[in-house]
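Okay, hi everyone, thanks for coming. I'd like to walk you through one structure today, starting with a pair of helices. Have a look at it first.

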Amino acid sequence: MDFTLSQNQLHWQRIARDFAQGRVAPIAREMDESHDMPIALVSEMASLGLLGATLPKSLGGSEMDHVSLALIYEELGRACSSVRGFMTVHSSLVMQCIHQWGTDEQKQRFLPMMASGEAIGCYALTEPEAGTDAASIQTTATKNAGGYLLNGEKIWITNGNIARAAIVFAKLTGTPDGTKPHQQITSFLVPLESTERVGITRTRMSGQELGHRASDHAHITFKNCLVSSDMVLGGEGMGFKVAMSALDHGRLGVAAGALGVHQACLDASVAFVRSRKQFGQRIGDFEMVQSTIAEMKASLDASRLLVYRAAWMKDQGQSAKLETSIAKYFATEAAAKAASDAVLLHGARGYSNEYPVERYYRDIKGLQIYEGTSHIQKIVIASEVIGKPTV
Ligand SMILES: Cc1cc2nc3c(=O)[nH]c(=O)nc-3n(C[C@H](O)[C@H](O)[C@H](O)COP(=O)(O)OP(=O)(O)OC[C@H]3O[C@@H](n4cnc5c(N)ncnc54)[C@H](O)[C@@H]3O)c2cc1C
C-alpha cells in the first residue's frame with residue numbers, strides 16, 4: 001500500500017477542507033442549536049462535485065476513488081457530524097446503492113438529480129421493533145394490479161423529511177410457506193415528489209437528540225402507499241442483500257467521519273493545553289496531560305491507517321467487508337475515547353457549548369450506533385476471523 005496521497009486525492013481533500021472550514025465550521029454551533037442545516041449547503045456541495053462522489057460522469061458523478069471519498073467525509077466530520085451524516089446517507093447509502101442495484105432506467109431517473117442536489121435521498125430500514133435485527137422488519141409490500149402497496153412505519157430516517165426519494169425495505173406478503181424472513185425482504189425506490197404524497201406521513205422524530213442535532217431524523221408512516229412495479233430495487237426478495245451492501249458503503253463513510261471528529265478533538269485539545277495555565281505553567285507541560293494527548297494522537301493515526309486501508313481495498317476491487325468493519329469499530333471507539341478525554345482536558349470549559357468539544361462528545365455516540373453498532377462490527381469481525389457458527 002502506498003502511503004502518499006495522489007494529486008487527485010489531495011485535490012478532493014483540499015476542496016472538502018476549504019468548504020468544511022470555510023462554510024460549515026463557522027456555523028456548526030448555530031446549526032446544532034437551531035437543529036437545522038441550511039439547505040444551501042447541499043447545493044454548494046453538489047456544485048463542488050462532492051455529492052456525485054464515486055459515480056460515473058455519465059450519471060452526474062465525479063468518478064473519484066474511495067480514498068478521496070473517505071478524505072471528504074473526514075474533512076466534513078471534522079467540522080460537523082450532521083453535515084457529514086447528511087452526505088454519507090445521500091451519497092453512500094443511497095446513491096452508491098442505486099448505482100449497484102438499479103436498472104438503467106432507475107439510475108438515469110434518480111442519480112443525476114441526486115448528484116446535482118436537486119433531489120435528496122434517504123434510506124428507510126429501521127422500525128420501532130426492528131433495529132439491529134433488520135430481518136424482523138414488519139413493513140409489508142402487497143402486490144396489486146398497479147404495483148405494490150406499502151404499509152408500516154420507519155423511524156430514525158436521516159434526511160427523511162427533506163428527501164425526494166427513499167429506499168424503503170418491506171416484506172412481501174403471500175410468499176410461499178417456509179420462505180425465510182430475510183428472503184421476503186424487497187427494496188423499493190419510492191419517489192417523494194411532494195410532502196403530500198398519498199399514503200405517506202413524515203414527521204420529525206419526537207424527543208431531543210443527544211447529537212447530530214442539525215440532522216433531519218424522520219418518522220415515516222406508509223398507509224396503502226402505492227409504488228409502481230418498476231421501482232423494485234434489485235429484484236423481489238433481494239432486499240436484505242441490498243440493505244447490507246448499502247450499509248457496507250455507509251460504514252466506510254462513518255469510519256472516515258469518526259476520523260474527522262477525532263482530529264477535531266485533538267486540534268481543540270492541543271490548542272487548549274498550550275494556552276491554559278495552572279500552577280504557573282501550561283497544563284500541556286503536565287505529564288498526565290501529555291499522556292492523554294499522546295494516546296489521542298497515536299489512536300488517531302491508527303484509525304486513519306485502518307480507514308484508508310479499507311478505502312484503498314475497495315479501490316482495488318477487493319471485498320473489504322472485514323477491513324471496513326474493523327475501521328468502523330476502531331475509529332468510532334477511538335474517537336469516542338478522544339472526545340471524552342477532550343472534554344476532561346478542557347475542564348469545566350469543555351462542559352459548555354462555548355467550546356466545541358461537548359458537541360463532538362455528543363455527536364460521536366451516534367457513529368457508534370448507526371450503520372451497525374460497535375457490538376455488531378465485533379460480531380462481523382469475529383465471524384470473518386473464526387468462521388460462522390458450526391451449530
Ligand atoms: C443519528 C442516527 C441516525 C440514523 N439514521 C438512520 C437511517 O438513515 N436509516 C435507518 O434505517 N436507520 C437509521 N438509524 C437507526 C440505526 O440504524 C439503529 O439505531 C441501529 O441499527 C440500532 O438499532 P436500535 O436502535 O433499534 O438498537 P437495538 O437493535 O435495539 O440494539 C440495542 C443494543 O443491543 C445490542 N444488540 C442488538 N443485537 C445484538 C446482538 N445480536 N449481539 C450483540 N448485541 C446486540 C446493540 O448493539 C445495542 O447496543 C439512525 C440512528 C441514529 C442514532
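So, let's start with a contact: in α4, His 66, Ala 70, Tyr 73, Glu 74, Glu 75, Leu 76, Gly 77 and Arg 78 meet Leu 252, Gly 253, Ala 256, Gly 257, Ala 258, Leu 259, Gly 260, Val 261, Gln 263 and Ala 264 of α8. By contact I mean that the C-beta atoms of two residues, placed from the backbone, lie within 7 Å. By class, that's 9 nonpolar, 6 polar and 3 charged residues. Here Ala, Val, Leu, Ile, Met, Phe, Trp, Tyr, Cys and Pro count as nonpolar, Asp, Glu, Lys and Arg as charged, and the others, Gly among them, as polar.

Quick housekeeping. This is a predicted model, where local features need pLDDT of at least 70, side-chain atom pairs count only at pLDDT 80 or more, and totals for chains, interfaces and linings use all residues. Residues are numbered from 1 along each chain as its sequence is written. Helices (H or I, at least four residues) and strands (E, at least two) are DSSP runs, numbered from the N terminus.

Back to our pair. Helix α4, residues 66-79, packs on α8 at about 45°, with the axes 7 Å apart. Axes are lines fitted to C-alpha atoms, for helices over the stretch in contact, and angles run from 0 to 180 degrees between N-to-C directions. So α4 and α8 are oblique to each other; angles under 35 degrees count as roughly parallel, over 145 as roughly antiparallel, 65 to 115 as roughly perpendicular and the rest as oblique.

How do α9 and α10 pack? Helix α9, residues 287-315, and α10 sit at about 155°, axes 9 Å apart. They're therefore roughly antiparallel to each other. That contact has 15 nonpolar, 4 polar and 4 charged residues.

Now α11, residues 357-369: 10 of its 13 residues are buried, meaning 20 or more other C-beta atoms, placed from the backbone, lie within 10 Å of a residue's own. Among them are Tyr 360, Tyr 361 and Leu 367.

Zooming out, the protein chain has 12 helices and 10 strands. Buried residues make up 49% of its 391 residues. Along its principal axes, the C-alpha trace spans about 80 × 50 × 40 Å. That's it from me, thanks!

Note on methods: Buried ≥ 20, exposed ≤ 12 C-beta atoms within 10 Å, placed from the backbone.
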